[in-house]
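Here are a few friendly notes to read alongside the model. They cover aromatic rings, charges over rings and some backbone angles.

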Amino acid sequence: MAIEVNGKTVETTPSGYLQDLADWSEDVALKLAEIEGITLTDKHWDVINYLREEYYDNAQNQPMERVVLKEMAKKWGSKPTSKDLYTLFPLAPTKQGTKIAGLPEVLRKGGY
């Protein structure tokens, strides 16, 4: 499977994750979000950037939902709920968010 972004073909896995993590850019994220039916807001970008920072700066860590909630509470100044994250990423924040962030597919069960 592949997507077109700015005239470039970007290869994805059958489940829509990037084949080559180096292909990620904000434009690629916008295209992936469009495919997922999501319009990215500042809060989406906060989660996406946090997921990317954790992966690249913390030994490829892919945090579970409760950790994302704690970190977004620090960033946003108020404690979000799981429902808040699922409003942003309806198909699971740590899975759909990871896809849009251009990271490998999370294969663990659950998410909390």
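1. Rings of Phe, Tyr and Trp (its six-membered ring) count as a pair if their centres lie within 6.5 Å; planes over 60 degrees apart make the pair edge-to-face. Please keep in mind that this is a predicted model. By this rule there is one aromatic pair. Its partners are Tyr55 and Tyr56, with 5.1 Å from centre to centre and 85° between the planes, so the pair is edge-to-face.

2. Tyr56 is partly exposed, because its relative accessible area is 43%.

3. The charged end of Arg52 sits over the ring of Trp24, at 3.7 Å from the centre. Lys43 lies over the face of Trp76, and here the distance to the ring centre is 4.7 Å.

4. Next, the backbone. Most residues other than glycine have a negative phi. Asn6 has a positive phi, near 55°, and is not a glycine. You will find Asn6 in the loop between β1 (2-5) and β2 (8-11). With a relative accessible area of 65%, Asn6 is exposed.

5. Where is Gln60? Gln60 lies in the loop between α2 (42-57) and α3 (65-76). Its phi is positive as well, about 60°, although Gln60 is not a glycine. Gln60 counts as exposed because its relative accessibility is 53%.

Methods. Residues numbered from 1 in each chain as written. Predicted model: local features only at pLDDT ≥ 70, side-chain atom pairs only at ≥ 80, totals over all residues. Heavy atoms only, no water. Phe/Tyr/Trp six-rings, centres within 6.5 Å; stacked < 30°, edge-to-face > 60°. Buried < 20%, exposed > 50% of the residue type's maximum accessible area, 1.4 Å probe, protein only. Lys NZ or Arg CZ within 6 Å of the ring centre and 35° of its normal. Helix = DSSP H or I, 4+ residues; strand = E, 2+ residues; numbered from the N terminus.
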